[in-house]
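Trainee: I would like to go through this model piece by piece. Please show the sequence and structure.

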Amino acid sequence: MEKIVIRGGNRLEGAVEISGSKNAALPLMCASILSSEEITLHRVPGLKDILTTKQLLLQLGVQLDDLSSGTLKIKAREITDHTAPYEMVKTMRASVLVLGPLMAREGRAVVSLPGGCAIGARPIDQHLKGLEAMGADIRLEGGYVHARARRIRGTDFTFDLKTVTGTENLMMAAALAQGTTVLRHCAVEPEIDALANLINGMGGSVDMSVPGTIVIEGKDRLHGVAHDIMPDRIEAGTHLIAGAITRGDVRVCRCEPAHLLPLLEKLSQTGLNVQVGDDEVRVISNGRGKSCDVTTDPYPGFATDLQAQYMALMVLADGRCQITENVFENRFMHVQELVRMGANIKVSARTAQVDGVENLSGAHVQATDLRASACLILAGLAASGETEVHRAYHLDRGYERIEEKLRKLGADIRREKDVII
Ligand code: EPZ
C-alpha cells in the first residue's frame, strides 16, 4: 500500500500539461474489438484503469503493442475468449464496456455484474435492456451476465435515464448490427463524441446531429484507424482547483476549455480571475474565494466527477454554499475526511451544506474512491501542517503522475510506503 504525503501552504504557480482522457480511452480501447484490423490510439494516459483494460483485452485474445510515449496499437485479429471475469470487473466496472462490442462482433459475452462501489449501486440495467431490444438473449446467473445473439439487429431504443457507458455500450453494439439503430435520451458527454468519431473513422456510420439522439447504421465490418485521445477534462478541472485552493497562478495546458464551462463559470463566480485560451485555461487567485452553490448534472451540467474537488475549494471559501449531487446516490464519502481536517459540512440526503472556515489542519485521511482522493490531496495542499492520504491506489486509477505534476507547480508532495492499511 502507498500513501501521499503533503505539507500544505505552498502557493502553486506555473503550467501543467493535461493527459489523455481516462473516460475516453477506456471505451475507445474496447471499441477495438469491433475490427480485426489495427487501431492506433495516441495520448493514452498511464493509469491503473488503462492497465486493467489492457489485461482484459489480452485475456480476450486481442493483440496489444504498447509503444512508449502514450501510443497503443491494438489488433483484435480474432477473439479467443468471451469472458470479463469478476476479479477484473470488480477492480474496474468500466470492464462492462466489452459487452457491446463482443455482442456486435461475436454474438456472445459472459460479463461479471459490476456490483456496487463506494459512490453508489451502479446498476447496468439500461445496458441490458438496450441489448435485449437489439435481439440479445440476456440471462443473469452466478453474478454474471450471459448474453447471446445470432446477430445484433437495429432497433429504436429510448434510455430511461442518461448513462454514459450505457450509451457507449449500445453505440458499439449497433456499429455492426443488422440495420439501423436509433438511441434516444442518450448521455452527451464529450467522451461519447470521441467514441462516435472513432467508429466513423473505422468506416462506421454514427450520426449525432440531433443532441441526445444517436442514429447508427450497422456495417458488416469495420477497418482500422488512428485516433488522438481527447484531453482529460476532469484532470484539467482538478488542477484548476489546485491553483484556486492554494491562491496561486496556474496555467492548465493541452486541455479543451469548451469541456469545462460549468466549472469555469463557478470559479469566476467565486472571484477567481479565469483566462481562457484555445487549448489552455489560466486561473489567478485574488485571495479567499466566495462561496457559490453547485448542483451536479449529466453533461453539459456541472460534472459529478468534479464535485468532491470543488467541495474542497468551498471548505475554505468565504460564506455558506449548498453542493447537491444529482448523479450518484452516495458521492459524499470525502465529507467525513474533510471534517477531520477541520471542515464545517453538514449532509442531508443529496445536499452538503458547506460553511467556509479560515483554515484546515493536516491529518491522516483515507481515500475511498478516485475523485474523493483527489479532493483530499487538494485539501492537503491548502492545510497547515502535514496531510497523509492513505490508499493512494484509488488516485492511480485516474490521475497520471499527479504528485509529479503538482510538485512541478510548487507543491510539497511525495509518495511513500504505507504501514496503515
Ligand atoms: C461514467 O460512469 C464515468 N465512468 C464516471 O466516471 C462518471 O462519474 C459517470 O459516467 C457520470 O458522468 C466512465 O466513463 C468510465 P452512468 P457510468 O451510467 O457510465 C445510473 C470517474 O471518476 N445508472 O452515467 O458508470 C447510475 O447508477 C468515474 O472517472 C442506472 O441506473 O455512469 C448513476 O446513478 C466515476 N442504470 C447514473 O445512472 C444503468 O444501467 C449515471 O451513471 C446505468 C446507470
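Trainee: Leaving aside its neighbours within four places in sequence, which residues is D355 in contact with?

Mentor: This is a predicted model in which local features need pLDDT of at least 70, side-chain atom pairs count only at pLDDT 80 or more, and totals for chains, interfaces and linings use all residues. Residues are numbered from 1 along each chain as its sequence is written, and side-chain values use heavy atoms, with hydrogens and water left out. Contact means heavy atoms within 4.5 Å. With neighbours within four places in sequence set aside, the contacts of D355 are V315, G319, R320 and N344.

Trainee: Is D355 buried or exposed?

Mentor: Buried means under 20% relative accessible area, exposed over 50%, and partly exposed in between (1.4 Å probe, protein chains only). D355 has a relative accessible area of 14%, so D355 is buried.

Trainee: How do the axes of helix α4 and helix α6 run, roughly parallel or roughly antiparallel?

Mentor: Helices are DSSP runs (H or I, at least four residues), numbered from the N terminus. Axes are lines fitted to C-alpha atoms over the stretch in contact, and angles run from 0 to 180 degrees between N-to-C directions. The axes of α4 (residues 99-106) and α6 (residues 164-175) come within 7 Å and cross at roughly 10 degrees. Angles under 35 degrees count as roughly parallel, over 145 as roughly antiparallel, 65 to 115 as roughly perpendicular and the rest as oblique, so α4 is to α6 roughly parallel.

Trainee: Which residues of α4 and α6 make the contact?

Mentor: Helix α6 contributes N169, M172 and A173. From α4 come L99, G100, P101 and A104.

Conventions
Helix = DSSP H or I, 4+ residues; strand = E, 2+ residues; numbered from the N terminus.
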